[in-house]
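Visitor: I would like to learn how to read a model of several chains. Could we take it feature by feature?

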Amino acid sequence: MDLSRRLRAWALARPRVLIVDAPGTVELRRAVEAELDRRGWPLAMSPADTDVLLVLGLPGPELAAAIDVLWSQIAQPRHRVDLRAATDLHHRLEETVRALGAAAPEEHVDGAVPARAGAGHPAGGMDHSGHEGMDHSGHEGMDHSGMAGMDHSGMAGMDHSGMAGMDHSGMAGMDHAAMGGGGHAGHHMHHGGDVAGLPMAETAPDRDGLALDVLRVAIGPVLPGWPTGLLLRADLQGDVLTSARLSWVDATDDRGSPPGKVHPQRAALDQLASLLLVAGWPTAARDARCARDGLASTDRSELATARRRAERVARRVRRSRALAWTVRGAGHLHSSLGRTAGGDVLDRVRRWCDVASGGDVEAPASPTSLDEVAAVLEGTELGTARLIVASVALDRSAARTAPEEARA
Amino acid sequence: MLTDLSGWTVAAVVVLGVLSVAGGIAVFVVDSMARATFALLASFLAVAGVLLAFDLVYLAVVTALMMTIEMAIMAVFMIMFMMNPAGLMPMTMVHNARGSAVTGAVTFVVLVVGIWTVDWPIGRTERPEDSTRQLGEAIMGSHMLVMLVIGIGLFATILAGTVLATARGRYDRFGADLAAKRPDDPIPGGLPR
Amino acid sequence: MTAELVLQIVLTVAAGLIGVGLFGALSQQSIVMVMMGLELVLNGVLLAGGAAWYFLAPELPDAQMLVVVALVVMAVEMAMGFAVTVAIYRARQVDMVDMATDLRG
Amino acid sequence: MPETETAAAAWGVVPSALLVMGAALGLGWLVAAVDRVVLTGAGAPAVLEPVRSSVRLLTEQRRTTLAPDPLLWRLGIAAVPVLAVLSLAVVPIGGRTLWSTSVDLVWFNAMEALLWAAVWLVGWGPNAVHALTGGYRFLAQGLAYELPLMFSLIAVGVGAGSLRTADILSAQAGLWFVVSMPVAFVVFLASAAAFAFWGPFGAPTGADIAGGVTSELSGVDRLLVEAGRAIFLGATAAMAVALFLGGGSGPWLPGPVWQLLKTVAVVVALVWAGRRLPVLRPDRVVEVAWTVLVPVTLVQALVVAVLLLSGFYAV
């Protein structure tokens, strides 16, 4: 018994962490990431991949609802930490490990049973506690957010939401007219448009001229390498976005990064780190984070090391032919923003690299509105869309020039 | 004449045979199109298993390989074109079910009557050491003509299939006078052009 | 167990596959499902070909060639089937055989 | 021929099956450990991390999603590691394969093809956008790498005059195949990364789709899929050693040691090189695969055929 507990504690000593940063917690997030990198705790990709949910700062009501959904999707054993300040970070993380390792075994067993029962009977699983959290809060979250009409998902965390519409796609594939014309018996599929509370997909012409299924999905507000709080509502055909709208959750919450003390080089490295994560280059992303954290140091020699490191990672990214080949041509922003925000993803990456290496260049300007970015996302594939979003510096205050009503 | 298959092998053949037919029936019974596709794959894999028992190693493995790839692609088309691919709503889409069932059943009965009445000429012949080698030598020797025709047929299929399925020709890509330097594709590929 | 009995059992299974496949190919409305029925018929041919080689003429490669040809026919049927489905669907949003009856001359 | 005797025949079925299982676990651990070391830059202590992760995943709850397809999902998940181990059955370990058919190369290829179905099911099962997108990406990538992979295997088969791994090993007694088939070697290793959907070909599990096909997996499900991927990568590295690097041949040391050293070297090189690159987006990769790699590997096969006719290979 003791042995198994110790084994458990050992196994959970390096938990995977999902960070949710509320607005205005940039420095806190950087400090946390630095500490996680130092400890070798990996960053989680999705709720399924998460052991520890780390909530930084004070989330607004909509983000809080999304976090609750996210929490319900995390498998046992799990632990949630709310951090307001980086002061006792080390202590809090130690405590987290202890709490995870000591998570009451009965709670764990309790959680596992419904999951298995749910596997046999998808609908039956709803009664059980572990599962209940997941399905129901999904809908609750949606009600809170007040966007229920748009898609059955609300912001259910990482878009588990829209998914349900997904595979029973094509009900609409067969339109009534055609059916009437055919005039044969045996179609009983037109009773009601939803399954398990989720509407069916519709069809629309795709870019190749075929009328295929469209799914309404909500992507965000919490994803790896994604600006927390950003919500992409899109129509998805396969993996191509046919329409896209971007908005912030808690749009009235304007606690952006405090003005005045922005360190451009660190900001650029931060941007690069999340972009490289999205581009699937974790080693370079780690280097960028490392350089960013070193630049915050007050120690002279550490600072010099960090500068060299920043230059190295910027040079490596800038010169990478593979990265250039894979992102070139995506996301042309021909905008009124002036020279520095235009161009494709690659141009912006290179400009970020220039800033990151400490050069005296202007950082790419943030787009003035989310709609401008959303317009570029239309017609791109999901991965490209993620790259485009990661390549621009979106900040909450800038987005507010685009009125919420414009989304409709 | 006794079979040279062991009792276990015969049992395995019978079980796999039953599985293959069950998979075949499941294709038209289950609601979910994804499940139908993979029921068909199960049927193919069961037949591949029987071929393995008959020493036809190459054919068995190739059947598994080809059919898996084919079914994986089939699954995508199923989701593209079929309503209700996940089978979340019970439905059937058949016409002339009775006539089809009768046709299927009659065919089966006729075949079975034939199978069980014909006096099969089971000979005492030499088995080749390696069935794969036998097939390979046939393809490259006595039966080369068959492979040549198959090759041409497959090539024609590739061309015809592409032409039928795509809506864009070179005039769409390179302009009416084919003068464009770079093709106008919705998604640029990985080649520098 | 005699070889003939095993052969007959296997051929019966093949006949079963052919029967089920025929039923599917004739009764289904969706083009893709029709193709699955045809595949099932060819699956029966594969099985019968393999059995014929093993029990009747293992010294000759002909039955093996038959199986190879059946595999190729499956691939061709599939490729052309999907191509035609895409073409019809593109032209008139139809993926069911009954709706394509106006293609009749 | 003693050298073509299978492990099952020489040592009994159960011991050699256990041997293959052990080799699979060892290879999977090796790949995961090297990957972890390269990823975290943590150095030697990171080699324990795969074990730690496995234990953690074993104790974790299995979760499910709303309206999933549990049967197909679980089937796909279980198939990934099973296929990885089955593909290892034709890879020589200590000079012998678990079993040997006359078509080992096709067997290896077929297991990898069956992986298509498995990965697609893992993506399809949970009824989630990101997972299904990962499934689509895997199929698109799979179609593109399949033909180059087959042609590179064909080049090996032609060079050895046999599809049996044991014969391929003995055909390399004089000269390793990597010398006359460098293109096939590189394509084979790249395909290995592609069908383990790892590294530069990791788009099906990319961070941009929150982990793709693995995004909804937790607990033992995730463990099975991740272990299957690692074993596939390790098995392919071991296969590459057998097909191109002469297997256990080498001076002074006994064969199995050489084979182990070469396998470790290939794994380290593969992981190190793979992690130096970002994920290559499938829409770029597929065009290159179809229009460049297919012809290039065809020419490679042609070169091998011509060399064979001119008596280059001692068959």
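Visitor: How far apart do the C-alpha centres of domain 1 and domain 2 of chain B lie?

Guide: Domain bounds come from an automatic or database domain assignment; here they divide chain B into domain 1 (1-87) and domain 2 (141-185), and the C-alpha centres of these two domains of chain B lie 31 Å apart. This is a predicted model, in which local features need pLDDT of at least 70 and side-chain atom pairs count only at pLDDT 80 or more, while totals for chains, interfaces and linings use all residues. Residues are numbered from 1 along each chain as its sequence is written, and chains are lettered from A and ligands numbered from 1 in the order in which they are written.

Visitor: How many residues of chain B are in contact with chain C?

Guide: Two residues are in contact if their C-beta atoms, placed from the backbone, lie within 7 Å; by that criterion 71 residues of chain B are in contact with 65 residues of chain C.

Visitor: Which element of chain B gives the largest share of that side?

Guide: Helices are DSSP runs of H or I with at least four residues, and strands are runs of E with at least two, numbered from the N terminus. Helix 4 of chain B gives the largest share of the side that touches chain C, twelve residues.

Visitor: How many helices and strands does chain D have?

Guide: Chain D has twelve helices and zero strands, and its C-alpha atoms fill a box of roughly 60 × 45 × 40 Å, taken along the principal axes.
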